[in-house]
There are 2 protein chains.
Amino acid sequence: MIESNHQVRLAARPAGIPGPDTWRHTSEPVPEPDAGQILVEVRYLSIDPAMRGWINDRPSYVPPVGLGEVMRAAGAGCVVASKDDRFAPGDLVTAMTGVQEFALLAAEAAIPVDPTVAPLERHLGALGMSGITAYFGLLEIGRPKSGDTVVVSGAAGAVGSIAGQIARLQGCRVIGIAGGAEKCRWLTDQLGFDAAIDYRAGAIVDRLAEHAPDGIDVYFDNVGGEILDAALARLARRARIVLCGGISQYNATGPSWGPSNYLSLLINRARMEGFIVFDYAARYGEAVTQLARWIADGRVIAREQVVDGGVAAFPEALLELFRGGNTGKLVLRVRD
Amino acid sequence: MIESNHQVRLAARPAGIPGPDTWRHTSEPVPEPDAGQILVEVRYLSIDPAMRGWINDRPSYVPPVGLGEVMRAAGAGCVVASKDDRFAPGDLVTAMTGVQEFALLAAEAAIPVDPTVAPLERHLGALGMSGITAYFGLLEIGRPKSGDTVVVSGAAGAVGSIAGQIARLQGCRVIGIAGGAEKCRWLTDQLGFDAAIDYRAGAIVDRLAEHAPDGIDVYFDNVGGEILDAALARLARRARIVLCGGISQYNATGPSWGPSNYLSLLINRARMEGFIVFDYAARYGEAVTQLARWIADGRVIAREQVVDGGVAAFPEALLELFRGGNTGKLVLRVRD
């Protein structure tokens, strides 16, 4: 069986939105594992806002993807060959597979997945990094107390939708900010958010004043930009802003933006704090166990939006993410 | 004895730098205390960056000064008449006296001053709100640990000069940012700062990289603007930014500025947190006792810059503050 491993590699660092020149589609023979390695056939790839940061040539919490390298991505798939006792062909795993059909991995870099718990793609979303990020970001950085008003931006996204639901389970009043009436309805009608604000309808500060009359105790930010400034303008005393992401800025090419209402932190004795989920690696199990229980109990709703087309469709899937086209976790189906 | 009480009142809310139209100079008969009141002859007035915020018509941590009202100010002076058992003529006090020569106050609003501890004007600076602000802001919000690198902006000012010296006493390496070579020399040669950066000489990020090669653990910000952005660019992991003030923005009239490097908080798992010294009112005594001891031991150097001219000179004194003309605490001498 001679197969080809189709890949997407970084061809050039984009200014602004990644265009066709950003990527190069390549094909290689499928590699074979050496001792301690496994070969994984990738079935799903996680499409994440953070990917935009990984292709900038700037130091960050991970090194930039090098020019010519296979694009970094989390994936879920099936072990097809193993030279390590921990895995056998047929085992399902998640790992940083990259945007390719087959990934050769050190066995210790793969996380086994129990297929009876949830569909495979969910282990990239609510039971993967997205859910874990929501869990630690909200609980450890936001530290919501029962009765708090919690506002989540990017609330219909992979992380925001889980963060908001966890806040509800802490006894908080939860307001989601999302793009479009349909997403907002999903938040209130399906996920149990107390209110949802469609940022495309404008007047975000006024809507926050209406839905959070006593101010915002916790703001979980995935977007930055004018939505962050609106939240800053409506902080309650001793508010906590959880900096999880800033998707509105990731493709910006103009003069760099900063939150001009930042001195609201001073007036309100509030804090804005960033975090990286990797720092909680030793506690991932705790988060996944809790999230799986909430999902099984129907207390948290997980949703994945699966796009087809294989690795060749990766560039378009990433653009769809930045257009806000997804509701829930966006994943790319690589092979069935 | 018929005396006149000269006052400075808010005549109009300024856009940008307060000009002559901002103020009205008035004169009234000196009032007499009723039961529970004292009359204080004001000797020194504290000139503070926060004054600029008090004359905006925006809700903040204190109500705006009303149009036509005597300008709010902290003052130090001598009780000249008392209808309260707690004070007798000749007692020295600090209080929110306002910009006037005589202040009629509720006795409970005045804080007795021991003239043997320090010169009267110091009770508006290192032993007053400036020192107390430095003490709680640095220790409670910045939480420096021995060996940390601490950067202070506005380092030659009333709060910054004390904050930096307290950081030194915690075993930190301390870098001050100030305007001009003379102030920088004062920081390193007199106050024991490990390094000083003259922001007027430019290239702040490069100088921070040079003096804080392992990054900044605590940044105590009095200024905002490009200096805050430079500090954000050089944060160490889990850094704490203490938002004490933003003097560079207080007179801004252009498009509002925000720290465009704020996502450095995310990458570095860092936090930016504001505080208001009033929240520590129950612990002011602790701070003043400790500061007085350090000053007596010669471990903290306090400096006041006294300008003359009485209340009529208040508008010019405030402008001098915003020009960065002062080293140490700027106070206006009202009456000797």
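The model is predicted. Chain A is built from nine helices and 15 strands, and a rotation of 180° superposes it on chain B. Contact between the two chains involves 24 residues of chain A and 24 residues of chain B.

**Chain A overall**

- The secondary structure of chain A consists of nine helices together with 15 strands.
- Chain A has a radius of gyration of 20 Å, close to the 20 Å that the globule rule gives for 336 residues, so chain A is as compact as a globular protein of that length.
- Taken along the principal axes, the box filled by the C-alpha atoms of chain A is roughly 65 × 45 × 35 Å.

**Helices α5 and α6 of chain A**

- Helix α5 of chain A spans residues 204–211 and helix α6 of chain A spans residues 225–232; their axes come within 9 Å and cross at roughly 40°.
- The crossing of α5(A) past α6(A) is right-handed.
- On the α5(A) side, the residues that meet α6(A) are Ile204(A), Val205(A) and Leu208(A).
- Their counterparts in α6(A) are Glu226(A), Ile227(A), Ala230(A) and Ala231(A).
- Sorted by class, the contact of α5(A) with α6(A) has six nonpolar residues, one charged residue and no polar ones.

**Relation between the chains**

- Chain A is superposed on chain B by a rotation of 180° with 0.0 Å of shift along the axis, at an RMSD of 0.0 Å.
- That is the relation of a two-fold axis.
- Within chain A, Gly258(A) has the C-alpha nearest the axis, at 2.0 Å from it.

**Interface of chain A with chain B**

- In the contact between the chains, 24 residues of chain A face 24 residues of chain B.
- By class, the side of chain A that touches chain B has 13 nonpolar, seven polar and four charged residues.
- The copies meet through the same surface, because 100% of the interface residues of chain A are also interface residues in chain B.

How values were computed. Residues numbered from 1 in each chain as written. Chains lettered and ligands numbered in written order. Predicted model: local features only at pLDDT ≥ 70, side-chain atom pairs only at ≥ 80, totals over all residues. Axes fitted to C-alpha atoms, helices over the stretch in contact; angles between N-to-C directions. Helix = DSSP H or I, 4+ residues; strand = E, 2+ residues; numbered from the N terminus. Left-handed = near helix turned anticlockwise from the far one by under 90°. Contact = placed C-beta atoms within 7 Å. Nonpolar A, V, L, I, M, F, W, Y, C, P; charged D, E, K, R; others polar. Least-squares fit on C-alpha atoms with pLDDT ≥ 70 in both. Rg over C-alpha atoms; globule rule 2.2 N^0.38 Å.
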